[in-house]
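Work through the exercises below with the model open. Try each task before reading its solution.

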Amino acid sequence: MDTRHLATLRAVRDRGGVTAAAAALHLTPSAVSQQLRALARDAGAEVVERVGRGIRLTGPGHALADAALDVAVALERAEAAVEAFRSAPHGLVRVASFQSGAELLLPGLLTRVAGMEGVRVELGDEDVAQDRFVALTADFDLVVAHRPDGAYDWPAGVDVVPLLREPLDVALPPGHPLAGRSAVTAADLADQPWISVHEGFPVAGVLDAVAAAAGAPLRIVQRFNDFGVVEALVAAGHGVSLLPRHTAGRRGAVLVPLAGVRAGRRIDALVRPDRAERRVVGRVLDALRAEAARYDGPAGGRPR
């Protein structure tokens, strides 16, 4: 079997169809279809079937797409083994992140990479719902993702590298009656107007836990995903919110720890197993981990 045809089948599954796979592979849709037909001949079984106006992988097609990942990992590992004798890791690494994670980690990452000869990093701004982070690994070598405490694990098919846990504090307007406290509880906040992220985004799950602890639904008055805007709204007196400790508190809001509810988020790096074999990706990932290590452990301190 042609390894390029296996990679094409994998792209069709990952992208959900021929047209999207063709765009990602810089091929025409007809070229992708030709490769799928050639792969079916080599395999002796149909790898895709028509469903309405689109296609889906057959049972043999899914089995081959799974095997295609193993092939890709082996090829990258072989190339890395040879490259180790030729030169230091070099090349382009594409890194995607959600906005507050980018603010926290990417300036320092670029500073670290600047001292690596022959290594370039291209950044991507990708603030997506929690269930969309894994799909980004099709387009980026490293994806900085986040999920709330207690959330489900990331789906199979990607390597997960934990970076840090960041506490989420209650953001209050200056002068708020609770702003002078050393900590607040869910009961203290039950009747407050809340500014939340949209449903499906990681912090929304933590707010659900706050509501459960308070024994009543929270009164959501606004939904906005940009934490900088949320903090500005809080500072202006338009509500309270939960904001990440390491990047909030710079726009006027007062941050107070939340007691009685485990309020935090896990920040991870997601990478496909084949791309993880690239030495230059490993080098940038090491730099990302070093940058995340500037922040204290589970308690979540300020950067060192």
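pLDDT is the predictor's confidence in each residue, from 0 to 100. This is a predicted model: local features need pLDDT of at least 70, side-chain atom pairs count only at pLDDT 80 or more, and totals for chains, interfaces and linings use all residues. Residues are numbered from 1 along each chain as its sequence is written, and side-chain values use heavy atoms, with hydrogens and water left out.

**Exercise 1. Confidence**

Task: find where confidence is lowest and where it is highest.

Solution. 
- Start with the chain. Its mean pLDDT is 89, and 96% of its residues reach 70 or more.
- Go to the elements. Helices (H or I, at least four residues) and strands (E, at least two) are DSSP runs, numbered from the N terminus.
- Confidence is lowest in helix 4 (residues 59-86), with a mean of 80. It is highest in strand 11 (residues 254-256), at 97.
- Check residues 298-304. The pLDDT there is below 50. Beyond near neighbours in sequence, this stretch has 20 contacts in the model (contact: heavy atoms within 4.5 Å).
- Where pLDDT is low, the predicted coordinates should not be read in detail.

**Exercise 2. The nonpolar cores**

Solution. 
- A nonpolar core is a set of buried Ala, Val, Leu, Ile, Met, Phe, Trp, Tyr and Cys residues joined through side-chain atoms within 4.5 Å. Buried means under 20% relative accessible area, exposed over 50%, partly exposed in between (1.4 Å probe, protein chains only).
- The largest core has 38 residues; L105, F133 and L163 touch the most other members.
- Elements that each supply at least two residues include strand 3 (91-97), helix 5 (99-113), strand 6 (159-172) and helix 10 (279-292).
- A second, separate core has 33 residues, among them V184, V206, V234 and V261.
- Look at F133. Leaving aside neighbours within four places in sequence, its contacts include F98, V143, W154 and L270.

**Exercise 3. Pocket and cavity**

Task: describe the lining of the largest pocket, then that of the largest cavity.

Solution. 
- On a 1 Å grid over the protein atoms alone, a cavity is a set of points where a 1.4 Å probe fits but cannot get out, and a pocket is an open set with protein on both sides within 12 Å along at least five of seven lines; lining residues have an atom within 4 Å of a point.
- Grid points are joined across faces, edges and corners, and a volume is the space filled by probe spheres set on the points.
- The largest pocket holds about 620 Å³. Of its 23 lining residues, A7, R10, L25, D274 and R275 are the closest to its centre.
- Helix 1 (3-15) gives the most to this lining, with 7 residues.
- Sort the pocket lining: 11 nonpolar, 2 polar and 10 charged. Here Ala, Val, Leu, Ile, Met, Phe, Trp, Tyr, Cys and Pro count as nonpolar, Asp, Glu, Lys and Arg as charged, and the others, Gly among them, as polar.
- The largest cavity is about 40 Å³. Its lining divides into 8 nonpolar, 2 polar and no charged residues.
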